Every structure is written in structure tokens, then in C-alpha cells.
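Morning, everyone. Please put the structure up on the screen, and I will walk you through it.

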Amino acid sequence: GLTEKESEKYLNTIIDYMKSEKPYLNNTLSIKELSESLSISTHHLSQVINERLNQSFYDFVNHYRVEEFKQIIKKPDSKNQTLLALALDCGFNSKSSFNRIFKKHMNQSPSQYMKAFI
């Protein structure tokens with residue numbers, strides 16, 4: 001296992017990388033790819049996300065995708081695009097996965113969120 005200090009260091013590295021490089025925009029991002037990019041073993045990466053954030057790898061990644069979507073819909077040029085186009089730009093694979101994941105994270109559908117936002 002990891003020490004508390006190592007775990008904290010890895011967590012900071014992971015979060016900094018997610019914010020700066022936005023690997024979640026790649027809709028095929030895997031834990032293996034992320035671990036290779038960070039030079040952290042997949043086991044340690046998974047352990048840190050599970051134990052420190054109480055999330056699975058996919059919930060962790062999808063959280064960033066939902067937040068990205070919430071940011072891009074604030075931009076004026078997003079009004080010319082469909083929800084699906086915006087979702088795909090954020091790293092989602094399909095409309096159904098986007099709707100399901102968005103609702104799980106936000107407790108409302110993307111269209112309900114958009115109506116409330118507008």
C-alpha cells in the first residue's frame with residue numbers, strides 16, 4: 001500500500017494533471033493511459049482515486065466531463081451547437097451515456113440544467 005504522504009502527493013499530481021491537460025476530453029481515456037501519462041502504476045492510481053475520493057476511475061473522469069460541459073455552455077458560441085455536439089466535445093461517447101452520467105452527477109437531466117441556466 002501507499003503511505004499517507006505518497007497518497008496525498010499522487011492525488012495532487014492527478015488533480016493538477018486533470019485540470020491542466022484535460023485528458024478526460026479523450027473519450028477513450030483509460031486508467032492505463034492516465035497512469036502512463038503520470039508515471040504512476042495503475043494500481044496506485046486506482047487506489048488513490050478509490051480511497052481518497054471515494055470514486056471509481058470512471059466516476060472520477062466523468063465528474064471532469066460534466067464540469068467541462070457546465071463551463072462550455074456558458075460560452076456564447078455554444079448556443080449554436082447541439083447538446084450532443086457539446087457532450088462529445090467534453091469526452092462523452094454518446095447521448096445516452098452523457099444523459100445518464102449528467103443526471104447521476106447533477107440530479108437533473110442536461111436539458112433541465114440548460115433550462116434552469118438560461
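Read along the sequence, the pattern is α-α-α-α-α-α-α. That comes to seven helices and zero strands. One caution before we go on: this is a predicted model.

Now the overall dimensions. The C-alpha trace spans about 45 × 25 × 20 Å along its principal axes. The protein has 118 residues, and 36% of them are buried. What share of the contacts with a separation of 6 or more comes from residues 24 or more positions apart? The figure is 58%.

The protein exposes about 7100 Å². Carbon and sulfur atoms supply 50% of that area. As for charge, there are 16 positive and 13 negative charges. Their mean positions are 9 Å apart.

Next, the aromatic rings. The count comes to eight aromatic pairs. Take Phe98 and Phe102. Their rings form a tilted pair, 5.7 Å centre to centre, with 55° between the planes. Where do these two sit in the chain? Both are in helix H6, residues 95–106. They are four residues apart there, so about one helical turn separates them. Both Phe98 and Phe102 are buried.

Stay with Phe102, please. Phe102 also pairs with Tyr113. That pair is edge-to-face: 5.5 Å centre to centre, 70° between the planes. Which parts does the pair tie together? Phe102 lies in helix H6, whereas Tyr113 lies in helix H7, residues 110–117. The pair therefore ties together parts that are eleven residues apart in sequence.

Are these two partners buried or exposed? Phe102 has a relative accessible area of 0%, so it is buried. Tyr113 comes in at 12% relative accessibility, and the cut-off for buried is under 20%, so Tyr113 counts as buried too.

Now widen the view. Ring pairs link Phe69, Phe92, Phe98, Phe102 and Tyr113 into a cluster. So far we have looked at Phe98, Phe102 and Tyr113 from that cluster.

Let me turn to a charged residue, Lys70. Look for Lys70 in helix H4, residues 57–72. Is Lys70 buried or exposed? Its relative accessibility is 15%, so Lys70 counts as buried. Which residues does Lys70 touch, leaving aside its neighbours within four places in sequence? The answer is Phe102, Met106 and Tyr113. For a sense of distance, take Glu6. Glu6 and Lys70 are 64 residues apart along the chain, and 32 Å separates their C-alpha atoms.

One last stop: Ser35. This residue is found in helix H2, residues 31–38. At 5% relative accessibility, Ser35 counts as buried. Again, leave aside the neighbours within four places in sequence. Ser35 is then in contact with Ile40, Ser41, Thr42 and Leu45.

To recap. We have a predicted model with seven helices and zero strands. A ring cluster includes Phe102 and Tyr113, and Lys70 is in contact with both of those residues. That is my tour. Over to you.

Methods: Residues are numbered from 1 along each chain as its sequence is written. This is a predicted model: local features need pLDDT of at least 70, side-chain atom pairs count only at pLDDT 80 or more; totals for chains, interfaces and linings use all residues. Side-chain values use heavy atoms; hydrogens and water are left out. Buried means under 20% relative accessible area, exposed over 50%, partly exposed in between (1.4 Å probe, protein chains only). Contact means heavy atoms within 4.5 Å. Accessible areas come from the Shrake-Rupley method with a 1.4 Å probe; for residues, only the protein chains shown count as cover. The place of a charge is taken as NZ of Lys, CZ of Arg, CG of Asp or CD of Glu. Rings of Phe, Tyr and Trp (its six-membered ring) pair if their centres lie within 6.5 Å; planes under 30 degrees apart count as stacked, over 60 as edge-to-face and the rest as tilted.
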